[in-house]
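I opened my notebook to record what I looked up in this structure, going from its strands to its charged side chains.

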Amino acid sequence: MTKFSVVRRSFSPRVVTACAFATALLTVPFAAQAQTLGYVPMQPQAYPQDQTYSSQGYSSEAPRAADEDAALPDRLRRQIVSFDRNEPAGTIVIDTANTYLYYVLGNGRAMRYGVGVGREGFTWSGVQSISRKAEWPDWHPPAEMIARQPYLPRFVAGGPGNPLGARAMYLGTSEYRIHGTNDPTTIGKFVSSGCIRLTNEDVSDLFSRVNVGARVVVLPKNAPLMARGGDPLRKRPAATTLPSGRQALNISASSVD
């Protein structure tokens, strides 16, 4: 009869250590290869709702409005100032001559914003009201503007590439509006076709404060409003050209003559 015996082998500590070291050497290249192939913990990704759409396509993030405002001169930055004009809280007053927009807070105070206003021949004055509000509005250039500038697009979808910017507040039934801009370098200048433009950060702040039906007072260029705590040195010569009565819509200064 054949007998089988169990042979027990014992491994010395030196052999165990050598095996462990060899295993570690094999594991390192595998981990590096796994990282190369993408087998690593997933990182947060941007989903479509985190993207913004422009006329050129999707962008991974919205424009940095805070950076735009930081580049403005001190006088054009949003700030609370004394205000002694007799207007109720919630009223918007536009000082065309000094390129300021005041949102009346009441109790002798107002929030002041730097704005871009109508260029020569396109300034206007009067009283309107906010008839509608829109976020990231589409742009449909009116026929009068296309007649002056045939190269303009007939439609631009809302988004960072849109000249109306992040928000728009429509003035009555006119083509005029208060809106944002994709060109913050135009703030403080006479550049538009009659609309009032703010940086996207400022127009978003104003948009959150203003209600539909709010009264909007646009002062003529030759009748500047000098509020207490304002900017007395920022006076401009009287203008001889008053409202043209044309319907007009502002677009980026980089797109117009």
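The entries below cover the sheet, the helix across it and some salt bridges.

**Entry 1, ground rules.** I noted that this is a predicted model, in which local features need pLDDT of at least 70 and side-chain atom pairs count only at pLDDT 80 or more, while totals for chains, interfaces and linings use all residues. Residues are numbered from 1 along each chain as its sequence is written, and side-chain values use heavy atoms, with hydrogens and water left out.

**Entry 2, the sheet.** I looked up the strand order and found an open sheet of nine strands, β3-β6-β5-β4-β13-β8-β9-β10-β12, with mixed pairing. Strands here are DSSP runs of E with at least two residues, helices are runs of H or I with at least four, and both are numbered from the N terminus; two strands pair if DSSP finds at least two bridges between them. At the edges I found β3 (79-82) and β12 (196-197), each of which pairs on one side only. Strands of a sheet pair through backbone hydrogen bonds, either parallel or antiparallel. I then followed β5 (residues 100-106) and β6 (residues 109-114), which pair in the antiparallel sense over six bridges, and saw that Leu101 stands opposite Tyr113 in β6.

How many salt bridges does the structure hold? I read off nine, each being a side-chain nitrogen of Lys or Arg within 4 Å of a carboxyl oxygen of Asp or Glu. One of them joins Glu135 and Arg167, with the closest N and O atoms 3.9 Å apart. This pair links distant parts of the chain, since Glu135 is in strand β8 and Arg167 in strand β9, 32 residues apart. Glu135 is exposed at 52% relative accessible area, whereas Arg167 is buried at 16%; buried means under 20%, exposed over 50% and partly exposed in between, with a 1.4 Å probe and protein chains only.

I found Arg209 and Asp205 in a salt bridge at 2.8 Å between the closest N and O atoms, both in helix α4 and four residues apart, about one turn of the helix. Salt bridges that share partners join Arg78, Asp202, Asp205 and Arg209 into one network.
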